[in-house]
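The following report treats selected local features of one model. Please read it alongside the sequence and the coordinates.

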Amino acid sequence: MQNDFFKSPAPLSLSEIASEASFEVPEGKESETISLVGPIEAATKGFLTFLDNTQYLPALAETKAKAVICKAQFASKVPQGVICLVSKDPYRSFAAAMAMLFPQAMRPLPVLSEDGVSSRAIIDPGAAVEDGAHIEAGAVIGAGAQIGSGAHIAPGAVIGANVSIGRRTSIASNATILHAHVGDDVIIHAGARIGSDGYGFAMGPGGHLKVPQIGRVIVQDKVEIGAGTCIDRGANRDTVIGEGTKIDDQVMIGHNVEVGRHCILVAQVGIAGSAKLGDFVALGGKVAVVGHVTIGPGAQIAGGSGVGENVPPGAVWGGTPARPVQHWLEEMAAIRKAARRKSSRKSGGGR
């Protein structure tokens, strides 16, 4: 497959890839090289692919790939002539292999070809930029801001006064970072808005009095924040995004929210002010979380659910209002059954 945006990588040997991708290489195949990756149904000569879903077993039987990563239980189904690379977690192994072959795809690419700090960037004299930072033309860096070595600030990005951006952190085009401290190895995608006012008003019959939002946003190391996502600064304490958390596009996180480490927040999640998420929480797409509730560590919430109360650690909930997923599924089944009975009675007419 021709790709206009990511250069074809230099071939790597299977033994080189296995050192990071954690798969077993058959004896005698260590020096075989891989130059491209692709889906199992389209991969051809020289390609690496993977199998992690049984619905693709028919495609495995027909694949023309050079090598396929799969679990041991499917090794016997790999066609003759295709190298079988056994892994306990094929998708994770494939991801690691892709990262080795296409390291430039791991974070937003520079828009312009110039390196270093562009003379066409707007940088306040009071800002501190470490050696090795890459600031592109059209970026704006405010007074007192700190930009770490290896950081990349793309065109149109605005880094507000006194904001700190950690080392090797990427801020994509038109992102706005205000009233925030951002850690190392963070990725913030295009158009994200970090540190704007929290939505705080003292409401009353005489009008709604704006509550000053004097907190910050703290983004810890290795967080990824998707395009168009908004994270409000705290009202009177900080909004915190824990280490390693991955946030999809168009997510809304309100003021004073605390998100734990290594959480997963899928597109269009909305979290109201002062909610707390423990470590390793996973929220499916369009989950809504009301303010001031706590979702315990390891809990999972099904997409489209509305969380209105505290969720115990490790729980799997779904529905609106969200409740234990087994209860939700039983209720949905009972509703469908009642609907079928009602429909059957109506179709019986006057008999």
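His 134 is located in strand β9, which spans residues 134–135; strands (E, at least two residues) and helices (H or I, at least four) are DSSP runs, numbered from the N terminus. The model is a predicted one, in which local features need pLDDT of at least 70 and side-chain atom pairs count only at pLDDT 80 or more, whereas totals for chains, interfaces and linings use all residues. Residues are numbered from 1 along each chain as its sequence is written, and side-chain values use heavy atoms, with hydrogens and water left out.

His 134 counts as buried because its relative accessibility is 13%, where buried means under 20% relative accessible area, exposed over 50% and partly exposed in between, with a 1.4 Å probe and protein chains only. A polar atom of the His 134 side chain lies 2.9 Å from the backbone oxygen of Glu 114. Not counting residues up to four places away in sequence, His 134 touches Pro 110, Glu 114, Asp 115, Gly 116, Ala 151, His 152 and Ile 153, contact being defined as heavy atoms within 4.5 Å.

## Strand β5

Strand β5 (residues 67–70) is covered on both faces, with Ala 67 and Ile 69 buried on one side and Val 68 and Cys 70 buried on the other. β5 pairs with strand β4 (residues 47–50) in the parallel sense over three bridges, pairing requiring that DSSP find at least two bridges between two strands. Opposite Ile 69 in β5 stands Phe 50.

## Lys 29

Lys 29 lies in the loop between α1 and β2 (33–34), and it counts as partly exposed because its relative accessibility is 33%. Its contacts, leaving aside neighbours within four places in sequence, are with Leu 14 and Ile 83. The C-alpha atoms of Lys 29 and Ile 159 are separated by 50 Å, the two residues being 130 apart along the chain.

## The second largest pocket

The second largest pocket has a volume of about 250 Å³. On a 1 Å grid over the protein atoms alone, a pocket is an open set of points with protein on both sides within 12 Å along at least five of seven lines, and lining residues have an atom within 4 Å of a point. Grid points are joined across faces, edges and corners, and the volume is the space filled by probe spheres set on the points.

The lining consists of Glu 20, Ala 21, Ser 22, Arg 92, Ser 93, Ala 95, Ala 96 and Met 106. Helices α1 (14–21) and α3 (90–101) each supply at least two of the lining residues, and the largest share, four residues, comes from α3.

Technical notes
1 Å grid on protein atoms, 1.4 Å probe; cavity = no way out; pocket = protein on both sides within 12 Å on 5 of 7 lines; lining within 4 Å. Polar contact = N/O pair within 3.5 Å; in protein donor to acceptor, adjacent residues only side chain to side chain.
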